[in-house]
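Here's a quick briefing to read alongside the picture. Take a look at the fold first, then work through the notes below.

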Amino acid sequence: VGPVGFRILKPVTQDPIFLFPWGQIHSWAHGPAKFTFRFFDDNKHSIVSYALAIKDVEPLLQHISKVIDVILADRRRSAITDEAFDELLGALTSMGSDANRQLEKIREATVANTFTSEQGRKIL
């Protein structure tokens with residue numbers, strides 16, 4: 001488990017066999033010795049479930065939590081400031097219904113920054 005997502009590794013060589021990027025992991029669950037997750041498979045165009053037998057699931061869950069915390073902290077640091085976002089909204093509003101100019105302005109704003117989910121909803 002890392003910043004890219006889940007990887008299944010060969011036991012002896014630790015070479016990656018499969019990669020499951022975070023953006024395609026739908027959900028996960030666990031039991032005392034089992035970890036399951038659902039993943040959107042691009043090739044099958046559907047959600048596929050995977051189950052892994054694991055001796056001790058708790059360390060895995062703790063590691064997943066730490067990785068997600070780091071990803072979220074990085075995203076918060078890269079979020080556009082409230083002031084810059086307000087300026088962007090003003091600029092978009094002043095463009096009226098010119099979708100091409102609006103999209104270009106959004107693209108420019110997201111080169112170096114991301115939107116929070118609340119900001120994204122306001123853009124929509």
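Let's start with the hairpin: strand 1 and strand 2 form one, with six residues between them. Keep in mind that this is a predicted model. In the turn, Q14 has a positive phi of about 65 degrees.

**The hairpin strands**
- Strand 1 covers residues 5-9 and strand 2 covers residues 16-21, and the two pair in the antiparallel sense over five bridges.
- If you want a pair to look for, find I8 and then its bridge partner in strand 2, F18.

- One spot to check is W28, whose bridge partner in strand 4 is F37.

**A helix across the sheet strands**

**Two helices side by side**
- To describe two packed helices, you give the angle between their axes and the distance between the axes.
- For helix 2 (residues 82-94) and helix 3 (residues 99-109), the axes come within 9 Å and cross at roughly 165 degrees.
- Angles over 145 degrees count as roughly antiparallel, so that crossing makes helix 2 roughly antiparallel to helix 3.
- The crossing of helix 2 past helix 3 is right-handed.
- Which residues meet here? Helix 2 brings L88, A91 and L92, while helix 3 brings Q102, K105, I106 and A109.
- Sorted by type, the residues of this contact are five nonpolar, one polar and one charged.

**The whole chain**
- Altogether, the protein chain has four helices and five strands.
- Read from the N terminus on, the elements go β-β-β-β-β-α-α-α-α.
- The radius of gyration of the protein chain is 20 Å, well over the 14 Å that the globule rule gives for 124 residues, so the chain is more spread out than a compact globule.
- Along the principal axes, the C-alpha atoms fill a box of roughly 60 × 30 × 25 Å.

How values were computed: Residues numbered from 1 in each chain as written. Predicted model: local features only at pLDDT ≥ 70, side-chain atom pairs only at ≥ 80, totals over all residues. Heavy atoms only, no water. Axes fitted to C-alpha atoms, helices over the stretch in contact; angles between N-to-C directions. Parallel < 35°, antiparallel > 145°, perpendicular 65-115°, else oblique. Left-handed = near helix turned anticlockwise from the far one by under 90°. Contact = heavy atoms within 4.5 Å. Nonpolar A, V, L, I, M, F, W, Y, C, P; charged D, E, K, R; others polar. Pairing = 2+ DSSP bridges. Rg over C-alpha atoms; globule rule 2.2 N^0.38 Å.
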